[in-house]
Amino acid sequence: MNQHLSKRGGQDMQRRIYLISIAAVIIFSILLGRLWFLQFIDSDRLKEMSENNRLRFIPVAASRGTLLDRNGHVLVNNTPSYSLAVIPNEVKDRDSLLDTLGRILKIDRSELLSKWEKGMGRAKYFPIVLASGISRDHMEFFEENSIRLTGIEVEVKPVREYPNGTFASHLLGYIGEISDKELSSPEFSEYNSGDYLGKSGIERSFEQYLHGEDGGRQIEVNARGRYLRTISESMPVPGQSIMLTIDKNLQSQAEKALGDRAAAAVVMEVNSGEILAFASSPGFDPSLFSGRMPPDKWDAYLKDKRHPLENKALKGQYPPGSTFKIITALAGLAEGMIDERTTVNCNGEYQLGNNKFRCWNRKGHGNVNLKGAMRESCDVYFYVLGERLGVDRIARYAKMFGLGEAMKCGLENEKSGFVPTSEWKEKKFGKKWYKGETLPVSIGQGYLLMTPIQLAAMSAGVATNGKIYRPHLVKKILDKDGKTVKEFLPELIRQVDLKPEHFRMVREGLSAVVNEPKGTGAAARLYEVKVAGKTGTSQVVKLKDSRGAVPYEHRDHALFVAFAPYDNPEVAVAVVVEHGEHGGAAAAPVAGQILRSYFESKGVIKGGRRNTDEDEEPESGDETGDGE
Amino acid sequence: MIDRRLFTNFDWKMLLLVLLISAVGVLNIYSASASYNTAGIPYALKQFYWIIIGLGLLLFTCSIDYHLLEDVSYWFYGILIVFLLLVLLVGKTSMGATRWLHLGFFTMQPSEPMKIVIIITFARFFSRHQPVSGMGFREVVLPMAILSVPAILIMKQPDLGTATMVCLVAGTIILAVGIKWRVVITMLLAAVPACYVSWHYLLRAYQKNRVLNFLNPERDPLKSGYHLIQSKIAVGSGGLSGKGFLHGTQSQLRFLPEQHTDFAFSVFAEEWGFWVCAMMLFLYAALILWGLHVASRCNDRFGTLLAVGVTAMIFWHIVINMGMVIGLFPVVGVPLPFFSYGGTSMITSMLGAGLLLNVSMRRFMF
């Protein structure tokens, strides 16, 4: 196994290693010589420099760029935070100083003392922070009286402010102190320990624009390390501001409509891809992450079954349920397997081999055509269609819409969803695809997964005869004077090449879902504007027993996709309510509310008027049935 | 399986050297981070934990006969190349550079293990290829190819420090194997246009700045140049006997950048002075010479080259880091082995030491 050294080769190598050793000794001697030069010959000069020295570099952090909504409303900002510090070796009478400070700040003396003592482990000329986040009045008082109260110092530093609390928290993200891992990565080679940077959301993905360039002051200090004067200064370059495509008002309306359920909603302009609302609930408070997170709060976030820290609009992947029938229908039309008049007789179930595939409506829908099947979300119609199409053909059409790959909306870690094919199954499991597996796929179950962004893009694609613009969240990057540095223009990423009349037939079905009697999406109906949409209820687990006793985690997801106005589409909406059970009952009303707010702010709908017409109760939603 | 001779042959002297340097390192990190205001575990304690983990890996490394590495060396090499490619292709970050690869359950930085894997790969390659009187042009082609693939991939990330390190280590092994003078001279001549190309196409702006600032520290006295000046002041003002533990003004007043990691030695030099620094240099020199001694007394070519490579890796880290601290080299982010704070560096160094011990204690096996 091993090549033994031939005698001569071995001696040669030993000679060379000997030479290398000598070279190493010489190099070490050079290092030693250099040390001798610095620490002996040049030592007096350098000692003097270090003693009189005084030159010290104080980094001045650049102020971080702000985040704005599409209309220029400030979403995230910076405010100065003042803290009071003492320099221990300049204080003459500690006890009386603490008494005074305690009285002024109304903080217990023992608390100040314990902070002082904790800080004493370090050098005595180093300031110890006694109170952070003190008010402006206090700051001014201390500045004025700094001579009388020897040894105190007021420090100013900008802190990130999220004035709207949990508003759009997943989208905006939060900042935090740089971690060891980040410090050692070249991406952050210009950062120092203790710096803050974006950790998630826009704050993270657009860090390079938001951060700015830190400046600094070279100052002269006395032997005790106190500031004397500024020698030179390089001004920090403030970070650039990000103008989002988000509409602040619509975003809050969307969040309000979702409530405290585990849910996500995406609203997108169909003709530009600009995302107007990007909501994931429940939210969290980003300001907690940049300060000190109270442990109980952190624990509560982690234990919450609704996963408040997860951006469901970006990373949530759900079986699309019946919303996927849009794709199946288009595939059937394009392949010439159905037209508007083709009917299927639904008696509540479909027999394939030995398996029974149930329609959600066990009584059956009778004879239905495409429009009827869409309206009432008949599963059997799509079983029949799906069986004839086969999984690979369905997948091909799904992929035309960009399903199964991330849409690259601008945030990191966007999920890609999943579209199964027979080839995939063969590779992954070494088994061939069974027809019985195609039927669930044709109604959006099985291995299919979609993100809320993809749901919105699919809906936009149908609305625009196949034009899909890249969904994006950032409109512009602005410099500190508000001038545009970079603009993100609409980018057409897909043109789904199908006949306009096929899109029209599907759109008619979608309109029927919302606007016709027996439509499953009646809860999204607006009387001033015609809405089109599709409900979806996707199974989380198979073979559930009775409805009432299903535990929260096993309940079905409720979905709804929509666009409006029907005749001249402007926006697409996707709503997912995790474990919301019925698309028609849980998700459709949310979409309706969001669309109402959208058209109210456009002046199309007069504000305040509610949808009072209750003559048609929304159906309880569509159910999906799987084979057994 | 465990031969008793292994235990009696265990190289306690080398382990002792490593532990001594690491212990001084922890002490120094304590002082270097004394002025930090950190919540959580202090750096010195974290470093202590890293040493313990490193020692575990060291013992594990020497418990496996290094000859087994010979069989798997090309596999290691291939896998790491794939990882390096993946880093460039999918290692996600939209801006700046990317070194980290997310493997689902954990993240890794494949350029770091590449330092050790290039050693194993070269040792294996040259254990089968023995140019009789030094490598000529023809013999040098294949090893250069083996080296340049990872070197270029790492440079692309971009991680200049690690890429340089990989090349220096491989170069040292080539010197040990033997190479003809005319090849060396030709390659040095070829380096001139190569430098030109990398300056214009491969180096990022911040890397260019570092080189320029080294050549002329006054160019940017506030930032990169400032580090160099302050580090020199720190080292020089320590004088012969130093300012005393925890009493270095340069470090405690925080004139120094990154003083617990890359500039840890300048804190040490300021507080302990020339004589102690000289002892420290002596310890490092002893470690290097001992490593080379282990190499030359090893009976098989693979083990010899393995030991040469690992020793070279530790050696070049020492030289580049110290050279930077005392103003001989530009500021490149290279840690001082066993001494600077940092888990990655500690683990690589300990793994290297484990390989050396491994070669050392199995010298009588044949």
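A residue is called buried when its relative accessible area is under 20%, exposed when it is over 50%, and partly exposed in between. In this predicted model, A:N413 has a relative accessibility of 42% and therefore counts as partly exposed. A:N413 lies in the loop of chain A that runs between α17 (391–400) and α18 (422–429). Its backbone adopts a positive phi of about 65 degrees, although A:N413 is not a glycine. Most residues other than glycine have a negative phi, and most peptide bonds are trans.

A positive phi of about 50 degrees is likewise found at A:H307, which is not a glycine. This histidine is placed in the loop between α12 (295–303) and α13 (312–315) of chain A. With a relative accessible area of 41%, A:H307 is partly exposed, because this value falls between the limits of 20% and 50%.

Cis peptide bonds occur in chain A as well. One of them leads from A:S281 to A:P282, with omega near 0 degrees; A:P282 belongs to the loop between β12 (275–281) and α11 (287–290). Another cis bond joins A:A564 to A:P565, and here omega is near -15 degrees. A:P565 is located in the loop that connects β22 (557–564) with β23 (571–577).

Strand β18 of chain A, residues 474–478, is mostly covered, with 4 of its 5 residues buried. Two strand pairings involve β18(A). With strand β10 (residues 241–244) of chain A, β18(A) pairs in the antiparallel sense over 4 bridges; within this pairing, A:V474 is the bridge partner of A:L244. With strand β19 (residues 484–487) of chain A, the pairing of β18(A) is also antiparallel and extends over 3 bridges.

In chain B, a nonpolar surface patch of about 510 Å² is made by B:V82, B:L85, B:L86, B:L88, B:L89 and B:V90. One of these residues, B:L88, is part of helix α4 (residues 67–90) of chain B. B:L88 is partly exposed, its relative accessible area being 35%.

Conventions
Residues numbered from 1 in each chain as written. Chains lettered and ligands numbered in written order. Predicted model: local features only at pLDDT ≥ 70, side-chain atom pairs only at ≥ 80, totals over all residues. Heavy atoms only, no water. Patch = residues over 30% accessible without salt bridge, like charges linked within 9 Å, V, L, I, M, F, W, Y side chains within 5 Å. Areas by Shrake-Rupley, 256 points an atom, 1.4 Å probe, with all protein chains shown as cover. Salt bridge = Lys/Arg side-chain N within 4 Å of Asp/Glu carboxyl O. Buried < 20%, exposed > 50% of the residue type's maximum accessible area, 1.4 Å probe, protein only. Pairing = 2+ DSSP bridges.
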